[in-house]
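Here is a friendly walk through one protein and the ligand that goes with it. Please keep the viewer open while you read.

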Amino acid sequence: MLRPTRLRSTKIPSNQSPKSCILRPRFYSKAPLATGHELSVLITGGSRGIGLAIAKQFAQHPNVHTSIVGRDESTLRSATQSIADSSKTAENPNNQPKNVQHSYIVGDVTSREFWESLSRRDFSRATISESSSSATASGWDVVVNAAGVSKTGVFARQTAHAIEHVFQTNLMGTTWACRYMIPAMLKRARSLRVSIDSGNHPGMCIVNVSSLLGLKGGTGSAAYAASKAGVLGLTRALAAEYGPLGLRINALVPGYVETAMTDAMDPKARDLALQSIPLKRFGTVDEIASAAVFLATNRYANNCVLNLDGGLSAT
Ligand SMILES: NC(=O)c1ccc[n+]([C@@H]2O[C@H](COP(=O)([O-])OP(=O)(O)OC[C@H]3O[C@@H](n4cnc5c(N)ncnc54)[C@H](OP(=O)(O)O)[C@@H]3O)[C@@H](O)[C@H]2O)c1
């Protein structure tokens, strides 16, 4: 069953009241990503793990707005605060851009209605501050589909509900995001006069987070592997279909990464995984996040399927 959609974004006043959400970091350490353009980035699964790290790396750049999506408002609120905090630096105190905001949207990626209303920027059921409307109401240039779940176990013993949940989140969540955000992004590109030939904008881009398990077998992960293989198929087909329209679609293929997802691994399975990785360690979320920024901003990256697995794919 689809959950009711709830979009929520509230404002953080300058006096830092507890009802904070729209955050204005004061100082930035890096150059703008796209000179002359502000870039709006929507990141599902941005409340923790890989998605949060991706949001933080985008937020290092002074002209980037981030909007993170997850199901739990209190986690999203503190993640949004940490995104704004991480983008501050004392190194460049005078470089204070205008109107850079970070916000969150409470929603379930498995809900088709959620994506439909987001693509129309229908926030009728949302609490949106006036100052946040420029970041969210004008749409997004980059969409990163990082929300995902993993349920491990012998396939024939997994419940139908567990299998469905994995497919609904990993594959259908990404599919609905692409289905509804692509028309919205193309419309935004037309309104911004952004094209693949544009000199100062990286162009519209979707980054889908797949998994090495979608390419390489592994016991106990059949539904997860199938859902992530589906994400790669979706990425390839869409890259061919929308590349000519100036919308790039790319995929990240992480191996094992240190997050809550891998914290939940059985210790024996973890040891076995560590032994098989040529670099003998799991990746960090920052190592994955920098690749997401690369895919979103490299204007020749389309159907770029980038594996970051410490060499596990070679074994
Ligand atoms: N960690 C790894 O080793 C690894 C390896 C390969 C690929 N990946 C992929 O990388 C992505 C991120 O993984 P992670 O390790 O960072 O996972 P994580 O720490 O468990 O975070 C998962 C994120 O997805 C969100 N989420 C889950 N279901 C959702 C739903 N129905 N609607 C909206 N948001 C939802 C969670 O927020 P809420 O629960 O609060 O909604 C959370 O923000 C996933 O797609 C995963 O499959 C991870």
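This is a predicted model: local features need pLDDT of at least 70, side-chain atom pairs count only at pLDDT 80 or more; totals for chains, interfaces and linings use all residues.

Residues are numbered from 1 along each chain as its sequence is written.

**The chain as a whole**

The protein chain has 9 helices and 7 strands; these are DSSP runs numbered from the N terminus, with helices being H or I of at least four residues and strands E of at least two. Of its 315 residues, 48% are buried. Here a residue is buried if 20 or more other C-beta atoms lie within 10 Å of its own, exposed if 12 or fewer, and partly exposed in between, with C-beta atoms placed from the backbone. Among contacts with a separation of 6 or more, 79% join residues 24 or more positions apart; a contact means that two C-beta atoms, placed from the backbone, lie within 7 Å.

How many residues of α1 are buried? The count is 11 of 11, so α1 is mostly covered. One of the residues in this helix, which spans residues 49–59, is Ile 54. Ile 54 is buried because 31 other C-beta atoms lie within 10 Å. Leaving aside residues up to four places away in sequence, Ile 54 touches Ile 43, Val 144, Ala 146, Ala 289 and Ala 292. Ile 54 and Val 293 are 239 residues apart in sequence, yet their C-alpha atoms are 7.3 Å apart in space.

**Two helix pairs**

The table sets out both pairs; axes are lines fitted to C-alpha atoms, for helices over the stretch in contact, and angles run from 0 to 180 degrees between N-to-C directions.

| Pair | Axes come within | Crossing angle |
|---|---|---|
| α1 and α9 | 8 Å | roughly 55° |
| α3 and α5 | 9 Å | roughly 10° |

The angle makes α3 roughly parallel to α5, whereas α1 and α9 are oblique to each other. Angles under 35 degrees count as roughly parallel, over 145 as roughly antiparallel, 65 to 115 as roughly perpendicular and the rest as oblique.

In the contact of α1 with α9, Ile 54 is among the α1 residues, and Ala 289, Ala 292 and Val 293 are among those of α9. This contact divides into 9 nonpolar, 3 polar and 2 charged residues. Nonpolar covers Ala, Val, Leu, Ile, Met, Phe, Trp, Tyr, Cys and Pro, charged covers Asp, Glu, Lys and Arg, and the others, Gly among them, are polar.

**The ligand shell**

Which residues come nearest to the ligand? Of the 31 around it, they are Gly 45, Gly 49, Arg 71, Gly 148 and Thr 259; a residue is near if its C-beta atom, placed from the backbone, lies within 6 Å. The shell holds 12 nonpolar, 15 polar and 4 charged residues.

Most residues other than glycine have a negative phi. Lys 280 has a positive phi of about 60°, and Asn 303 has one of about 55°. Lys 280 sits in the loop between α8 (267–276) and α9 (285–297) and counts as exposed, with 10 C-beta neighbours inside 10 Å. Asn 303 lies between α9 and β7 (305–308) and is partly exposed, with 16 such neighbours.
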